[in-house]
Amino acid sequence: MRPILLPSPPGLTTTTAVLGSVSLVLSAAAPAAALEAHTPSEAFALRAVTPPPQAFLRAAAALGPADYVVADGDTISAIAARFGLATGDVLAWNGLEWSSLIHPGDELRLSAPVSEGGGASDAPPDAPAAPAAAEAPTHVVAAGDTLWAIAADAGLTLDALLAANGLTRDAIIYPGQTLLLVALEPVASTTPAPVEAAASAAPAEMAPALAAPVALDDEQIANVRVIIQVGRERGVSDRGITIALATAMVESWIRNLDWGDRDSLGLFQQRPSAGWGSAEEVRDPARAAAAFYGGDLNPNGGRTHGLLDIPGWESLSFADAAQAVQISAYPDRYAAWEQQASTWLAEFG
């Protein structure tokens, strides 16, 4: 079998699909569970960021029909889009419904079954042809889209949109990606109830999963330099600056956002209504960083408390120190970025 290797963009892993007599090494997004980039709201971190590998999609479609082995994180709509197919066709060819679940290791047919006469057939010769599955509404992600906004426009809850596309709240979406806009029927669980003794045997503490490596663009690098510079001017330790960098990544993807949850804005999603400054002030990267650090030079005075205002912050865990400032609904997401934040500090500081 002859492998065709297509160059993989930075930050992406590869999987292999078998297409007839040719094996194609496809690029696939890094595991969604490792891309931790949002809090306190689902809205602003679930942004469309890196363009998808369109060359891979075109190459896959050009090579013709194939069988595909489902990988972790795959959805039927995403697989169909990857090979230039209609989701309804893939469902029909595999005897699936819109509410059907797929699992890693499942094999999916990516073409209509071929009859003995050489023609495509979706049913045995003596059986009536099965009606084609009706196309469900979809949305093609555009730059700047968020899962929260897409769900709202479609009249769905965020959880319904995530479930329909096999995504989690940690997911990153990409321009050109096709999302299924349906609410799946709840599926009865077949998992046996956990045994009480087994639960007590769980480890007391687990190390946080690391975020997948991210290559910063010019905008992000400029903001990283500002956060580092402001920290240096205030005598903040390397650990404190690293906490600030990781917090900015989680809150805004290190972008000076002009939107967010409620009135949250800027690098650290600070809220004017909570005393962090005017809308213009919280969108000033240097001032926002100064407010995050706080201390004697806190531009908000005693109205807000920054990292240096937290008693004993140096002895807190990485995530707890960030959370003490941000008061986030998702405090466990900061620690995933500690390692990369340390790298950014070393590279740009």
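The legends below describe close-up views of a predicted model. Local features need pLDDT of at least 70 and side-chain atom pairs count only at pLDDT 80 or more, whereas totals for chains, interfaces and linings use all residues. Residues are numbered from 1 along each chain as its sequence is written, and side-chain values use heavy atoms, with hydrogens and water left out.

**View 1. Salt bridge between arginine 255 and glutamate 219.** Helices are DSSP runs (H or I, at least four residues), numbered from the N terminus. Arginine 255 is buried at 14% relative accessibility, whereas glutamate 219 is partly exposed at 39%. Buried means under 20% relative accessible area, exposed over 50% and partly exposed in between, with a 1.4 Å probe and protein chains only. Asp217 joins Glu219 and Arg255 in a network of salt bridges.

**View 2. Two further salt bridges, each involving an arginine.** Arginine 271 meets aspartate 263 at 2.6 Å, N to O. Arginine 271 is partly exposed, with 26% relative accessibility, and aspartate 263 is also partly exposed, with 22%. In the other pair, arginine 287 and glutamate 281 have their closest N and O atoms 3.7 Å apart. Here arginine 287 is buried at 15%, while glutamate 281 is partly exposed at 33%.

**View 3. Aromatic pair of tryptophan 253 and tryptophan 337.** Rings of Phe, Tyr and Trp (its six-membered ring) pair if their centres lie within 6.5 Å; planes under 30 degrees apart are stacked, over 60 edge-to-face and the rest tilted. The whole structure contains four aromatic pairs. The centres of the tryptophan 253 and tryptophan 337 rings are 5.8 Å apart and the planes stand at 90 degrees, so this pair is edge-to-face. Tryptophan 253 is in the loop between H9 and H10, and tryptophan 337 is in the loop between helix H12 (318–326) and helix H13 (338–348), so the pair ties together parts 84 residues apart in sequence. Both tryptophan 253 and tryptophan 337 are buried. Ring pairs also bring in Trp344, giving a cluster of Trp253, Trp337 and Trp344.

**View 4. Stacked pair of phenylalanine 268 and phenylalanine 292.** The ring centres are 4.8 Å apart, with 15 degrees between the planes. Phenylalanine 268 lies in the loop between H9 and H10 and phenylalanine 292 in helix H11 (residues 285–293), so parts 24 residues apart in sequence are tied together. Phenylalanine 268 is buried at 1% relative accessibility, and phenylalanine 292 is buried at 0%.

**View 5. Largest nonpolar core, with 47 residues.** A nonpolar core is a set of buried Ala, Val, Leu, Ile, Met, Phe, Trp, Tyr and Cys residues joined through side-chain atoms within 4.5 Å. Leu216, Ile227, Leu245, Phe268, Tyr293, Trp337 and Trp344 touch the most other members. H8, H9, H11, H12 and H13 each supply at least two residues, and H9 gives the most, with eight. Beyond its neighbours within four places in sequence, leucine 216 is in contact (heavy atoms within 4.5 Å) with Ile221, Val224, Met249, Ile254, Trp344 and Phe348.

**View 6. Crossing of H8 and H9.** The two axes come within 10 Å and cross at roughly 145 degrees. Axes are lines fitted to C-alpha atoms, for helices over the stretch in contact, and angles run from 0 to 180 degrees between N-to-C directions. On the H8 side the contact is made by Gln220, Val224, Ile227, Ile228, Gly231 and Arg232, and on the H9 side by Asp238, Ile241, Ala244, Leu245, Ala248 and Met249.

**View 7. Helix H11 and its surroundings.** H11 is mostly covered, with seven of its nine residues buried. The buried residues are Arg287, Ala288, Ala289, Ala290, Ala291, Phe292 and Tyr293. They pack against H8, H9, H10 and H12.

Technical notes:
Salt bridge = Lys/Arg side-chain N within 4 Å of Asp/Glu carboxyl O.
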